[in-house]
Amino acid sequence: MFLSLPTLTVLIPLVSLAGLLYLASVEENFPQGCTSTTSLCFYSLLLPVTIPVYVFFHLWTWMGIKLFRHN
């Protein structure tokens with residue numbers, strides 16, 4: 001099943017936020033234990049940081065397509 005890009009743009013932040021909240025409730029040393037790259041907690045903090053970058057480049061690509069189509 002293939003999901004469209006707008007659906008993924010909404011779905012990825014929600015899933016990463018749910019994972020972040022879950023790990024914050026399960027991990028006993030949540031902020032301090034997230035420094036190792038082998039920790040799942042590290043990646044749950046990394047995803048919310050990369051999501052705005054993903055959205056920015058998605059919009060940048062869309063704007064480039066719009067400008068290219070109209071010129």
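## The whole chain

Let's start with the big picture. What you see is a predicted model, and its secondary structure comes to 2 helices and 0 strands. The radius of gyration of the chain is 16 Å, well over the 11 Å that the globule rule gives for 71 residues, so the chain is more spread out than a compact globule. Along the principal axes, the C-alpha atoms fill a box of roughly 55 × 25 × 15 Å.

How much of the chain is buried? Buried residues make up 14% of the 71 residues. The chain exposes about 5700 Å², and carbon and sulfur atoms supply 75% of that area.

## Helix α1

Helix α1 covers residues 5-26, which is 22 residues. From its first C-alpha to its last, α1 reaches 31 Å, close to the 32 Å expected at 1.5 Å a residue.

Which residues of α1 are buried? They are T9, S16, L20 and L23. Now look at V15, which is also found in helix α1. V15 counts as exposed because its relative accessibility is 53%, and the cut-off for exposed is over 50%.

## Helix α2 and the UniProt record

Helix α2 takes in residues 40-70. An unreviewed UniProt entry places the feature "transmembrane region" at residues 42-65. In the model, the span of residues 42-65 is 100% helix and 0% strand, and its end C-alpha atoms lie 35 Å apart.

F56 and L46 are 10 residues apart in sequence, and 16 Å separates their C-alpha atoms in space.

## A nonpolar patch on the surface

Which residues form the nonpolar patch on the surface? They are V53, F56, F57 and W60. Together these four have about 460 Å² of accessible area.

Are they buried or partly exposed? F56 counts as partly exposed because its relative accessibility is 44%. F57, at 47% relative accessibility, therefore counts as partly exposed as well.

Notes:
Residues are numbered from 1 along each chain as its sequence is written. This is a predicted model: local features need pLDDT of at least 70, side-chain atom pairs count only at pLDDT 80 or more; totals for chains, interfaces and linings use all residues. Side-chain values use heavy atoms; hydrogens and water are left out. Patches are made of residues with over 30% relative accessible area and no salt bridge: like charges are joined within 9 Å, nonpolar side chains (Val, Leu, Ile, Met, Phe, Trp, Tyr) within 5 Å. Accessible areas come from the Shrake-Rupley method with a 1.4 Å probe; for residues, only the protein chains shown count as cover. A salt bridge is a side-chain nitrogen of Lys or Arg within 4 Å of a carboxyl oxygen of Asp or Glu. Helices (H or I, at least four residues) and strands (E, at least two) are DSSP runs, numbered from the N terminus. Buried means under 20% relative accessible area, exposed over 50%, partly exposed in between (1.4 Å probe, protein chains only). UniProt positions are given in the numbering used here, feature names are shortened, and annotations may be inferred rather than shown by experiment. The radius of gyration is taken over C-alpha atoms; the globule rule is 2.2 Å times the number of residues to the power 0.38. The expected span of a helix is 1.5 Å times one less than its number of residues.
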